[in-house]
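Here is a short report on selected contacts and packing features. The structure comes before the text.

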Amino acid sequence: MSTASVRIEGLTKVFYDDSRGEVRAVDDVHLECASGEILGLLGANGAGKTTTLRMLSTVLTPTGGRAWIMGHELREEPQDVRLSIGFYSSSTALYPKITPRETLRFFARVNRYPAERVEERVELLIDRFGLAEYADSRVEKLSSGMKQKVSIARTLAHDPPVLIFDEPTVALDVLNALELRKIIAQLRDDGKAVIFSTHVMSEAEQLCDRIAIIHNGRILACDTLDGLRGLTGKHYLEEIFVHYARDSQA
Amino acid sequence: MALMDSQVLTIYAHEVRSAVRERNIVIYSIVLPLVMYPILLWAIFAGIQFVQGQTERLGSRVALVGLPDEHGALADSLENEKGIEVVPWEDTRDEALSAIGEGRLDVLVEFAEPDSNGVALRDNFTVRLHFNETRDRSSGARTRVEGVLTDYRDAWLDRERKVLGVSDATWADFGIVLENVASPDEMIRFLLSIMIPTLMIIMIAVATFYPAVDATAGERERSTWETMMTVAASRTTIATAKYLYVATFGAVGGLLNLTALALSMRWILAPLGGSTEQLTSAGIPLSALPVIAVGTALLALFIAAVMLVLASFAQTFKEGQSMITPFYILLILPSIFMQDPDMEFSMLLATLPILNIIMVIREAIVGVYHVPQIAVTFLSQIIFVAASIGFAQWVLRNEEVYMGTHEGGLGRFLKGRFSRRASSS
């Protein structure tokens, strides 16, 4: 029996498109992610990263396959899955009219964090993410970097064991992206299982313990960076990625 | 499922908190019901009064043609009437008619020999009034002239019957006494009973409109919809909380409007005429308020569910508005068709949503309570509300709808669902 926090077996998502017909956005994906590990999902735009992560967060229902998060199956116990995860993507924006403090309080409460400890948790996150100065300003008035920090803090409001980040640095400048990567590394050190998608090779190289290469909805390889180097004989991740992508089209 | 579990309340409170910080929602759901409609009503009544006053101030230009010599006193009466100016007319009748059409003359009073040879009274005559009803000044002049002619005729008939020896008692048998049994209060309540249900529906629809679009298409536009979908609450819980939020604003809008109307009734109705004393107790009777309040709340619950479902297919605020607008018009239509004060509140009517609430509110304002019909109305409305909530939850649970990937509106969605079900069975 696997002890992985996240276990994915044959996860598949098929959409029907009027013009293209049946589209297999995610096709028979198998993955695992343990506590204290960052699993990078590396792929080009449209590779199926977001769809995979949306299924893991139960926003989308899989067409086939199964997945367990902290032992809870996606389709059988979707609420328990959502209790166990913090999900961030570019399409999970913050509510502009409320403050960061109200945001954290709301997400802690609605995700059933013990009521008597909500305020303590909110203050801890405000402190940890350096939000004190802006904690009572409306989110709409914050800078992009600050909003990103609040978004990440929002995913942690109920202290979930699994974190799913879909391209979290995509709209950030260099300094803010660097700070965010540090935060994600700290979360791994705190024992969280982190699944992190990106199309930026250097980011995956620096941050991920293992990297899964996804292309046209299929996982082409999943290993540590050194393992991938050994398998392909290529040194740079970019070369490794191109190797697998070309291989799959051949 | 518990309708009001802690997650529903948490999401509901969160939605309301965000909404009261949204300027458009505050304006359309709170400020407008509270202020705008009383002001609008007052402005309409004051405007009508002003226009009437202007018309009354204008003199009526009246020409007489063929006045019998024996009735010269009638010309004097017309000349002495305030607001009437008898214009000497030398031209032909046709020219007078043209002058009325062009607005140079208001009324032509044409006298002629009576048609019948069997008239009993001497010096009798027939009078024909020519006027133009499309012009206020001409219509007003007609009313003034008709008043003078009626007074003159009555006096003349009275004189002639005395000559003929008809006694006062016999003469009284031919009289017509007009007596309006409705008091000024009742007249005002009658007017309110026609106006208020229509205004109430408009107000609830306006107050519900923005929250419904905000809770669905607005969330998508702000990219907060998916954020909400990742919280550890069931889709039904989220749909219920959103529904309660939209319904609250609809009900609050309707009730605020009702309160504002009730509090400002005397002031609003003052231009309708009558002394202040006559209007002292005018307005909505206190006993009607609970019935109206319940009706308003049920109406808001129903409208909120339908608007939420329609708006949930929209990708943007603009799209949401265009998807809801046909329903908005449909809502107002019944209240327009039901302007007939003699419409009977039948049991069949009591089962029809919206129409039944209009009838309950209308009757409560004039102090009529058909208890069986009210009970059927509230019961059928509760059934409709429960069905619409269930339907809203079912629609919002659907992945294509909550992810906004469904193209088209409710009709296409239902067609797709049922054709899929038929093909799979």
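## A residue of chain B against chain A

S18(B) touches Y95(A), K97(A) and I98(A), leaving out residues up to four places away in sequence. Contact here means heavy atoms within 4.5 Å. S18(B) lies in helix α1 (residues 6-20) of chain B. Helices (H or I, at least four residues) and strands (E, at least two) are DSSP runs, numbered from the N terminus. S18(B) is buried, with a relative accessible area of 13%. Buried means under 20% relative accessible area, exposed over 50%, and partly exposed in between (1.4 Å probe, protein chains only).

## Basis of the values

This is a predicted model: local features need pLDDT of at least 70, side-chain atom pairs count only at pLDDT 80 or more, and totals for chains, interfaces and linings use all residues. Side-chain values use heavy atoms, with hydrogens and water left out, residues are numbered from 1 along each chain as its sequence is written, and chains are lettered from A and ligands numbered from 1 in the order in which they are written.

## Aromatic pairs

Rings of Phe, Tyr and Trp (its six-membered ring) pair if their centres lie within 6.5 Å; planes under 30 degrees apart count as stacked, over 60 as edge-to-face and the rest as tilted. By this rule there are eleven aromatic pairs over all chains. One of them is stacked: Y28(B) with Y210(B), at 4.6 Å centre to centre and 10° between the planes. This pair links distant parts of the chain, 182 residues apart: Y28(B) is in helix α2 (residues 23-57) of chain B and Y210(B) in helix α7 (residues 184-221) of chain B. Y28(B) is partly exposed, at 30% relative accessible area. Y210(B) is buried, at 13%.

Why does the pair of F209(B) and Y328(B) count as edge-to-face? The ring centres are 6.0 Å apart and the planes stand at 85°, so F209(B) and Y328(B) are edge-to-face. Again the pair links distant parts of the chain: F209(B) is in helix α7 of chain B, Y328(B) in helix α12 (residues 317-337) of chain B, 119 residues apart. F209(B) is buried, with a relative accessible area of 12%. Y28(B), F209(B), Y210(B), F317(B) and Y328(B) form one aromatic cluster.

## Charges over rings

A charge sits over a ring if NZ of Lys or CZ of Arg is within 6 Å of the ring centre and within 35 degrees of the ring normal. In chain A, the charged end of R7(A) sits over the ring of W68(A), 4.2 Å from its centre. The charged end of R154(A) sits over the ring of F107(A), 5.2 Å from its centre.

Two packed helices are described by the angle between their axes and the distance between the axes. Axes are lines fitted to C-alpha atoms, for helices over the stretch in contact, and angles run from 0 to 180 degrees between N-to-C directions. A crossing is left-handed if the near helix is turned anticlockwise from the far one by less than a right angle, and right-handed if clockwise. For residue classes, Ala, Val, Leu, Ile, Met, Phe, Trp, Tyr, Cys and Pro count as nonpolar, Asp, Glu, Lys and Arg as charged, and the others, Gly among them, as polar.

Helix α14 (residues 355-365) and helix α15 (residues 371-397) of chain B have axes that come within 10 Å and cross at roughly 140°. The crossing of α14(B) and α15(B) is left-handed. On the α14(B) side, N356(B), I357(B) and V360(B) make the contact; α15(B) supplies I374(B), T377(B), F378(B), S380(B) and Q381(B). The contact of α14(B) with α15(B) has four nonpolar, four polar and no charged residues. The axes of α7(B) and α14(B) come within 8 Å and cross at roughly 150°. That crossing of α7(B) and α14(B) is right-handed. Its contact residues include L192(B) and P197(B) of α7(B), and I361(B) and R362(B) of α14(B). By class, the contact of α7(B) with α14(B) has nine nonpolar, one polar and two charged residues.

## Positive phi

Most residues other than glycine have a negative phi. N216(A) has a positive phi near 50°. N216(A) is in the loop between β9 (210-215) and β10 (218-223) of chain A. S223(B) also has a positive phi, of about 60°. S223(B) is in the loop between α7 and α8 (225-229) of chain B.
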